Amino acid sequence: MKTVKVYGPGCKRCDATEAMIRDAAARLGVDVAVEKVTDAKSIAMAGVISTPGIAVDGRLVHAGGLPDAAKLDGWLAA
Amino acid sequence: MNVATHAPAPHKGAPDWLWYLGVPAAGVVLYLLYGQLVPIAEWVTALLPVARDSHTGEAIAFFVYDVPKVLLLLTGIVFVTGVLRSWFSPEKTRAILAGRREIWGYPLASLLGVLTPFCSCSSVPLFIGFVSAGIPLGVTFSFLIAGPMVGPVGLGLLYGLVGWEIATIYLVFGFTIATGAGLVMGRMRLERYLQDWVRELNAGPVGDLPDERLTLVDRLKIGLDQVREIVGRVWVWVLAGIGIGAAIHGYVPEAMMLRIMGGEAWWSVPAAVVVGVPMYTNAAGVIPIVEALLGKGAALGTTLAFMMSVIALSLPEMIILRQVLTLRLIAIFIVVVATGILATGFLFNAIL
């Protein structure tokens, strides 16, 4: 079970990122819990200054813009 | 509007050579199309059952000519900007600006504000991330003002719709206001007017992301993605702006325009700012209006003041920043920026 956090105030791209993660996880058969972090304070505390940011199991892997689909698979499968 | 909600299959898509060939080819097609806009617009207008020299005919001709022109320009500018900005990121900018207390921090922040890609929806985390990394508040403000104020979209459209002279004046004064306002606010020691939780916050170190190696094709993809995202979002504002511009162009008598926005009336500059602040649109929406105003004989200073206040002082942006700034700090911010805008307006009305 992986914990994936999506950091973003709720813009369209943040929703799209969350959907990409769920799709990729389903496709790869990886069990994930996706949590959206929308509060500005928590986003900043996580060290994210460009959104959406993604952390997998507490490690920040991506910040700013939609993630690359191939890389996303890599983070989830690792 | 068509943000991909499904994960595209990895490693598929156009081969590299198609990008190297396709992007220049698309550029040439857009350029040729751009050169044919006048005949196309006249032809379309002639199809409609209105006299070309009537008020309605003038308004329609303006609209039919400006819509494709602005959309073509916008597409080109957003693409080029997207590619250029792929070399910059808020994280890199933060590292460059951190600890710059000397005076050069301000113009540098304005410059990076223009070059760094960031969406206004992440301005709060960005603001906190900057301030907590030790970037002085004034420098952070220079960055935040310059981004929208002298954005490439506004400059490119000004260049295409009103000419290079006014685009250059706008660039120089917009940049000066962003730098100067940051400098003034930096001197005022405003840290105490941040929201309490922001002052006490010590944000985590910026995530240690591996430096992404992007190929040229990756950067071209980013440019195209930006076109889809931004043009898909702002076209409504563009149509609305051109609609208002067309109405001004067709129906507002020149004598009336001179009375309201001419250089003679001293109050026209502050009035333009007061009208501009609550107007929420973006550069792409306001510049067709500016084009129509100048065409009808509005004074340059008044028009510049109007454009700057619409773009740089927007209420929704203030409401977002309210999370981190006290009302007092927001008021100081508005007063300082508005003073710069007023000075620019009065200056150009006086010398022209």
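Is B:Ala59 buried or exposed, and how many other C-beta atoms lie within 10 Å? Some notes on that and other spots follow.

1. **Ground rules.** This is a predicted model, in which local features need a pLDDT of at least 70, side-chain atom pairs count only at pLDDT 80 or more, and totals for chains, interfaces and linings use all residues. Residues are numbered from 1 along each chain as its sequence is written, while chains are lettered from A and ligands numbered from 1 in the order in which they are written.

2. **Confidence.** The model scores come out at ipTM 0.84 and pTM 0.87. For chain B the average pLDDT (the predictor's confidence in each residue, from 0 to 100) is 87, and 94% of the residues score at least 70. The stretch to treat separately is residues 1–11 of chain B, where pLDDT is below 50; beyond near neighbours in sequence, this stretch has 20 contacts in the model. A contact here is a pair of residues whose C-beta atoms, placed from the backbone, lie within 7 Å.

3. **B:Ala59.** Back to the opening question: B:Ala59 is buried, because 20 other C-beta atoms lie within 10 Å. The cut-offs are 20 or more such atoms within 10 Å for buried, 12 or fewer for exposed, and anything in between for partly exposed, with C-beta atoms placed from the backbone. B:Ala59 sits in helix α3 of chain B; helices (H or I, at least four residues) and strands (E, at least two) are DSSP runs, numbered from the N terminus. Setting aside neighbours within four places in sequence, B:Ala59 is in contact with B:Ala246, B:Ala247, B:His249, B:Gly250 and B:Tyr251. B:Gly245 is 186 residues away from B:Ala59 along the chain, yet their C-alpha atoms are separated by 8.3 Å.

4. **The nonpolar core.** The largest nonpolar core holds 110 residues, and B:Ile145, B:Met149, B:Leu157, B:Ala284 and B:Val337 touch the most other members. Helix α3 (residues 55–85) of chain B gives the most to this core, with eleven residues. By core I mean a set of buried Ala, Val, Leu, Ile, Met, Phe, Trp, Tyr and Cys residues joined through C-beta atoms within 7 Å. In soluble globular proteins, nonpolar side chains tend to be buried together. Not counting residues up to four places away in sequence, B:Ile145 touches B:Ala178, B:Ala181, B:Gly182, B:Ala312 and B:Val337.

5. **A helix pair to look at.** Helix α7 (residues 137–149) and helix α15 (residues 300–312), both of chain B, have axes that come within 8 Å and cross at roughly 115 degrees. The axes are lines fitted to C-alpha atoms, for helices over the stretch in contact, and angles run from 0 to 180 degrees between N-to-C directions. On the α7(B) side, B:Ile145, B:Pro148 and B:Met149 meet B:Met308, B:Ile311 and B:Ala312 of α15(B). Sorted by class, that contact has six nonpolar, no polar and no charged residues. For the classes, Ala, Val, Leu, Ile, Met, Phe, Trp, Tyr, Cys and Pro count as nonpolar, Asp, Glu, Lys and Arg as charged, and the others, Gly among them, as polar.

6. **Where the chains meet.** B:Leu126, in helix α6 (residues 123–132) of chain B, is buried, with 28 other C-beta atoms within 10 Å. Leaving aside neighbours within four places in sequence, B:Leu126 is in contact with A:Ile49 and A:Ser50, as well as B:Pro90 and B:Phe118.

7. Most residues other than glycine have a negative phi, and most peptide bonds are trans. The peptide bond from A:Thr51 to A:Pro52 is cis, with omega near -5 degrees, and A:Pro52 lies in the loop between α2 (40–45) and β3 (53–56) of chain A. A:Asp57, not a glycine, has a positive phi of about 50 degrees; A:Asp57 counts as partly exposed, with 13 C-beta neighbours inside 10 Å. B:Arg189, also not a glycine, has a positive phi of about 50 degrees and lies in the loop between α9 (164–187) and α10 (196–200) of chain B. B:Arg189 is exposed, with 11 other C-beta atoms within 10 Å.

8. B:Gly160 belongs to helix α8 (residues 152–161) and is buried, with 20 other C-beta atoms within 10 Å. B:Thr339, in helix α17 (residues 327–351), is partly exposed, since 15 other C-beta atoms lie within 10 Å.

Technical notes
Two residues are in contact if their C-beta atoms, placed from the backbone, lie within 7 Å.
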